[in-house]
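Please look at the sequence and the structure shown below, and keep both at hand while reading the report that follows.

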Amino acid sequence: MGREPSSSTPCPAYSFNWLSFSSSPNHFIFCSAVSICLALFQKSCQMLVHIKLTGVFYFNQAGIILGPTILGQLPNIQSALFPLEGDVYLDLLSKIGYIFFIFLSGVKMDPRTVLRTGIEAWTIGVLAVTIPVSGGLVLTIVNQNRIHRYRWPAYKNIIGIQNLFPFPVIASMLVDLKIMNSELGRLALAAALISDLTSNLTATIISYGRLGQMGYASAIMVHSSVLTLGLILFILFVGRPLCLWIIQKTPEGKPVCRFHIILTSLLVLVVVLLTDNAGLNYMYGPFLLGLAVPDGPPLGATLVDRLETLISGLLAPLLVTYCGMKVNLVELYDLKFIGTVWLVLGICLLTKLAAIFIPALICRVPVKDAAALAFVMSGQGVVQMSFYYYNAVNQTFDGETFSMLTTSVLIQAAAANIIVKSLYDYSRMYTGYQKRDIQHTTANSELRVLTCAHRVDDVLAARKVLEASFPRKESPLAVYALHLVELVGRAHPQLIDHQLGQKSSGGTRTQKMIEILSFFEQQYQGVVTVQQFTAMSLTKFMHHDICTVAFNKLASLIILPFHRKWNHQGKMILDSSSLRSINCDVLDLAPCSVGILVDRHKVRRNPSQTYNVGVAFFGGTDDREALAYARRMAQSADVHLTVVRFVPWDIYAGDSQWDAVLDAEILKDTRMQGAHQDNIVYKEERVKDGAETALMIHAMEEAFDLIMVGRRHKEDTPQLLGLSEWNDLPELGPVGDMLAAADLNTPVSVLVVQHQNAKAI
C-alpha cells in the first residue's frame, strides 16, 4: 500500500524524473527487468510457434509467469528479479510506450476513409456499437439494485470497456492473421474505423450525461468541457499547422529530419499534459493529435519508420507484460463478484458477436466470413488492457477484478485468433474451377493479362511484351495494369480503380506509369483495352492485391517484374529481397498462369525492327504454357520465333507417358504453324545432361531479344541433370536461374512461365 500514490500519479508527472534516470543506481535493476521480460516473451513464442497466436497473448503470458501467480509463489524470487525500486520505471516506460503507440495508430488512420466506405461497412460499424451499448444500458438498469454499491463503479466500467472497438487492436490482429488485404480484411478495417469513432463518441456523450445528472457536478462538467475544447483547438490550430510547416520545410522525396521528429515527439508529451488536465484518459490527446498529422509521406511515413520498431516492438508490449505481472490468480476472495465479472464478460461478448454477425448476414456476407468478421472485431488487446490498468490505478478495480479482466484479454485474444484461422483460410481465397491459362484460350478469343509494376522500368518492359502479343480485332488484348506502391505511414491498404476517376497518392511516378499504358491503349485503339489500378499496401501483403485483381478479372496470365534490375552497361543496380518475396507468394497462390519477366531492355544493343523470341522446350506443363504464349506472339510478322526442343539421348527417359503425349501434340501444332509461316523455326538439340544444356542455352543468349522457358520440370529430367544443384533462385527454375544470373551482361530478356497451379483448377 505504500507504493500506491506513485502508481496513481498521472503519467506526465513521471517525465520530469526521466533526466536523472541514467545516473540512478536503479539503472541496472531496470534494464535487467526489461531484459527478463523480453527473454521470457521470446521463449514463450518459441514454445508456441506452431500455434502462431498474437503478440498480446505472448506478452501477457510472460507477465503472468513473472508475476505473483507463478514466480511469486517461490520465496524471494520475485523480489530479487523485480525489486520495488525498479517498479516505477517499468510503469513509466510502459505508459510512454502506450502513449506513442496510440499516437502512431492515429497517424496511420485516415479519417477521410469513413466518407469513402460503402453501405456495408457503415451498417456493420454503426450497429456493432449501438446494439451492445443499448444492451449494456439495459444490463446496467436491470442490475442496479443487485450489485453492491462498492462494486457499482467497477461494474459500469467493465460494461463500458467491453463496448469499445479499438481500431489499433483490430488492425494489428489482421496483420497477424495475414488477411489485411483480403476482402474480409478491408471490410473489417472500414467497419472498425467507423465503430471506433462511434464508440468513442458514444462513451463521451454517456460520460457527460452522467455528470449532468449530478447537481454538484455541473461546475466540473463545464470546466472539463472548456478544457476539452481547448485541447481540440490546440491540436487544430497549433499541432496541425506545425505538422504542415514541417512538411513544407522537408525537400520533396526526402524524409523528415531528426530535429522535426523530436519536435513532434515533444508535442505529443505536451498534448498528454493538456489531456490529463482536462480530466480525460491520457490516451485521447495523442490519438487526436495523430489524426491531425497528415498520413503517408513525408511526415507520417517518417514518424512510423523511425518510431514503429521501438514502440510496437518493445515499449507498447511492455504495458501488456507489466499488467500481466500484476495478475494474481492464486489469492481470490470475493468469488461471487468474480462470477459476476465473467458472466458480464460472456454476455457482452455474445452481444457483440451477434451485433456484427447478423448485420453482416443482412449485407450478404457469406456465413463463414460473417462469423470470422465478428470474432475479428470482437478481439481484445493492448487498448482494453490499458483501460483496465487505468481503472486499477484509480482504484476503480481491485486486484481480483483486474486479474480476471487481464486474463480475459489473454483468453479472448487466443480464442479469436484460432477461430478466425479455422473459419477463413486465405490460401484458398483464389481457388477457381475453370482453366485460366493461355493453352486453353483460343487463338481468336480475348487474351486477358495482368501486368504488375513497381517502377517505370517495369511498365516499359511489360509494354514491350504486350506489343509482341499481337493484339488484333479477331483476338483483342485486355490489359489490367496494377501499379504497386508500398504503404508507408498508413494503416489502410487501398486498391484504387482509375477507371472510376479515383486518384492515386503514389506521386508523379505512378502518374508516369499510367500515362505510358494510356498511350499504349491509344496506339492500339480498338484492339487493346487497358484498365489501370494502384494498390497501396504493405509489401508482405501485396501478393493478395495481385491475386485478387487476377481472380476478379479472369486473367489468363500475370506478368511480374523480376527483383533484379540492370543499367545500360549491364551492371546490376537493384536486388530487392522484398520484391522477390512478393513473386514467390504470387507463384504459390495465383489463380492463373504466371510469368516472371527478367528485363534487360536497357542493355540491348543494335535494335532491329524484328523482335526475336526463343523458346527452350524440355517438356511439361510449364513449357507447354510458354510455347502457347510464344505461338500467339508468332502470329505477328514482326516477331521471329525459334523453338528449340532439347531431347535426351534416351528418348524414353524423363516425362510421363501422358506428358509426352501432350508435348507431342503442341509440338506438332507448332510445326504445322511453321509450315505456313516463315517466321517460325523449329529445331531439336540432343543433349546428354545439364552441362551440355547449359552450353546450348548460353549460345542462345546473343541471338534473341526474349527467351521464354518453363519454370518447373521433373527432377529426373535427363536434359537438366545437375543444374538444380546450382539453382540460387528456385522461383525461376534451373533454366530461368541460369539466364537471370547477376553477372550475365548479355542483352537478352527472359520470361519464366508457370502454368496455372493444379490446386486452383
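Predicted model: local features only at pLDDT ≥ 70, side-chain atom pairs only at ≥ 80, totals over all residues.

Helix 9 itself, which spans residues 167-177, is mostly covered, since 8 of its 11 residues are buried. These buried residues are F167, P168, V169, I170, A171, M173, L174 and L177.

## The nonpolar cores

The largest nonpolar core of the model has 112 residues, and those with the most contacts inside it are Y98, F103, I124, L303 and L373. Helix 14 gives the most to this core, with 13 residues. If its neighbours within four places in sequence are left aside, L303 is in contact with F103, L104, V107, I261, T264, V293 and E308. Apart from this core lies another, of 48 residues, which includes W566, A590, V594 and V752.

In soluble globular proteins, nonpolar side chains tend to be buried together.

## Helix 14 against helix 17

How do helix 14 and helix 17 lie to each other, and at roughly what angle do their axes cross? The axes of helix 14 (residues 299-325) and helix 17 (residues 382-393) come within 10 Å and cross at roughly 50°. An angle between 35 and 65 degrees counts as oblique, and the two helices are therefore oblique to each other. Helix 14 passes helix 17 in a left-handed crossing.

On the side of helix 14 the contact is made by A316, L319, V320, Y322 and C323, while helix 17 brings V382, M385, S386 and Y389. Sorted by class, this contact has 8 nonpolar residues, 1 polar residue and no charged residues.

Key: Residues numbered from 1 in each chain as written. Heavy atoms only, no water. Axes fitted to C-alpha atoms, helices over the stretch in contact; angles between N-to-C directions. Helix = DSSP H or I, 4+ residues; strand = E, 2+ residues; numbered from the N terminus. Parallel < 35°, antiparallel > 145°, perpendicular 65-115°, else oblique. Left-handed = near helix turned anticlockwise from the far one by under 90°. Contact = heavy atoms within 4.5 Å. Nonpolar A, V, L, I, M, F, W, Y, C, P; charged D, E, K, R; others polar. Core = buried A, V, L, I, M, F, W, Y, C linked by side-chain atoms within 4.5 Å. Buried < 20%, exposed > 50% of the residue type's maximum accessible area, 1.4 Å probe, protein only.
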